[in-house]
Amino acid sequence: MKRVALLGATGSIGRQAIEIVERSPDLELCGLLSGSRPLDALAAAHGVAHAQVGGDATALLEACEPDVVLNAIVGFAGVGATLWTLERGVTLALANKESLVAAGELAVAAHARGGGLLLPVDSEHSALFQCLEGRSADVVESLVLTASGGPFRGRTRAELERVTVAQALAHPTWSMGRKITVDSATLANKGLELIEAHWLFGLPYERIETVVHPTSIVHALVRFRDGSLLAHLGHPDMRVPISFALSYPRRAATPVPRLDLAAGLELRFEAPDLDVFPMLRLAREAGERGGTFPCAYNAANEVAVAAFLDGRIGFLDIAATVERVLAAVDGAPARDLADLAEVDDEARRIASGSRALA
């Protein structure tokens, strides 16, 4: 029986994870954390003694002693729980991509010290993990992340000047939380995944590609040195990567619909438009510059997306805000989580004081 601590229990990932646990006789919830929503009924239904709303996630983890931590906290707030889990060698099912974006070097070092399993829950990184499993790094030429392109694929910058929040939240293929859905619309989500892939799989940025794949059937591909590609296909349903991480290495059954290969699948790919969607370009630049530039990128994006969702800035102002922040910070490496938190705070202050948000 695996004891699972679920951080972000009331969000999109959390709700689907609970469905997976309910279907799995070898999984049980031992801890629940929510950012703001009550957990009394959920904890009672699953017999969970350790449930917490807000506060320090590591206090909950210390109390419930999990075998697996599913970190589905949104944003930089999830970094501390990731470092705690990796440092102690507890299996980490990671849905909080910001942990590796903001704290990549610290997380990799903690993982090496702890020696536990790190299983990505993002659909693209789970797909890459599965395509790479059991293969040596020297046979890999590059990784290919796929992006749906979001609701504004094919638009011009002029057409994006007056898009509404409702339009940005109308994702064509995935059902996700509000913040990640806006990130998908700006392609910031693919930028965050690019940086995360660098730290997860240890490849330099020039060997990580991104392509637009509107139907979201192919979640990722791996190019090998002999010219072949290995792809992971499936319906766009987060229950698959969640189940893979929680049941690993057993690969439990899920109720997800099966692909009908005879129905005429469209496997079309195209290059992302980095002029119309500069957040992907800015993420690659931040990653290549290293240090705490990715942390600043993430912090500025969180502030700008929140402002957009509140109706205080326009859609194009998100990228403009992030670009200004990256130009203003020094990007010095962080020695520890306290250093990283200072960088995060500074980037948020700069973002909040930018012209778009002033």
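**Exercise 1. Classify Glu65: is it buried or exposed?**

Solution. Glu65 has a relative accessible area of 59%, so it is exposed. The classes are: buried under 20% relative accessible area, exposed over 50%, partly exposed in between, with a 1.4 Å probe and protein chains only. The location of Glu65 is the loop between helix H3 (57-64) and strand E4 (68-71). Helices (H or I, at least four residues) and strands (E, at least two) are DSSP runs numbered from the N terminus. Glu65 is not a glycine, yet its phi is positive, about 50°.

The model is predicted: local features need pLDDT of at least 70 and side-chain atom pairs count only at pLDDT 80 or more, while totals for chains, interfaces and linings use all residues. Residues are numbered from 1 along each chain as its sequence is written, and side-chain values use heavy atoms, with hydrogens and water left out.

**Exercise 2. Classify Leu187: is it buried or exposed?**

Solution. The relative accessibility of Leu187 is 5%, so Leu187 counts as buried. Leu187 sits in the loop between H9 and helix H10 (188-201). Its phi is near 70°, a positive value in a residue other than glycine.

**Exercise 3. Describe the surroundings of Ser148.**

Solution. Start with the location: Ser148 is in the loop between strand E7 (140-147) and H7. With a relative accessible area of 10%, Ser148 is buried. Next come its contacts, where contact means heavy atoms within 4.5 Å. Not counting residues up to four places away in sequence, Ser148 touches Arg153, His171, Thr173, Ser184, Val212, His213, Pro214 and Ser216. With one of these, His171, the side chains make a polar contact at 3.1 Å. A polar contact is a pair of N or O atoms within 3.5 Å; within protein, one must be able to donate a hydrogen and the other to accept it, and residues adjacent in sequence count only if both atoms are side-chain atoms. A polar atom of the Ser148 side chain also lies 3.0 Å from the backbone nitrogen of Gly150.

**Exercise 4. Check the length of helix H14 and find what it packs against.**

Solution. H14 covers residues 316-328, which is 13 residues. The expected span is 1.5 Å times one less than the number of residues. The buried residues of H14 are Leu316, Ile318, Ala319, Thr321, Val322, Val325 and Leu326. They pack against helices H7 (157-160), H9 (178-186), H12 (278-289), H13 (293-309) and H15 (337-352).

**Exercise 5. Which residues have the most contacts inside the largest nonpolar core?**

Solution. A nonpolar core is a set of buried Ala, Val, Leu, Ile, Met, Phe, Trp, Tyr and Cys residues joined through side-chain atoms within 4.5 Å. The largest has 118 residues, and those with the most contacts inside it are Leu7, Leu70, Ile242, Leu246, Tyr297, Phe315 and Leu340. H13 gives the most to this core, with 12 residues.

**Exercise 6. Which residues does the cis peptide bond join?**

Solution. The bond joins Tyr248 and Pro249, with omega about 5°. Pro249 is in the loop between helix H11 (239-247) and H12.
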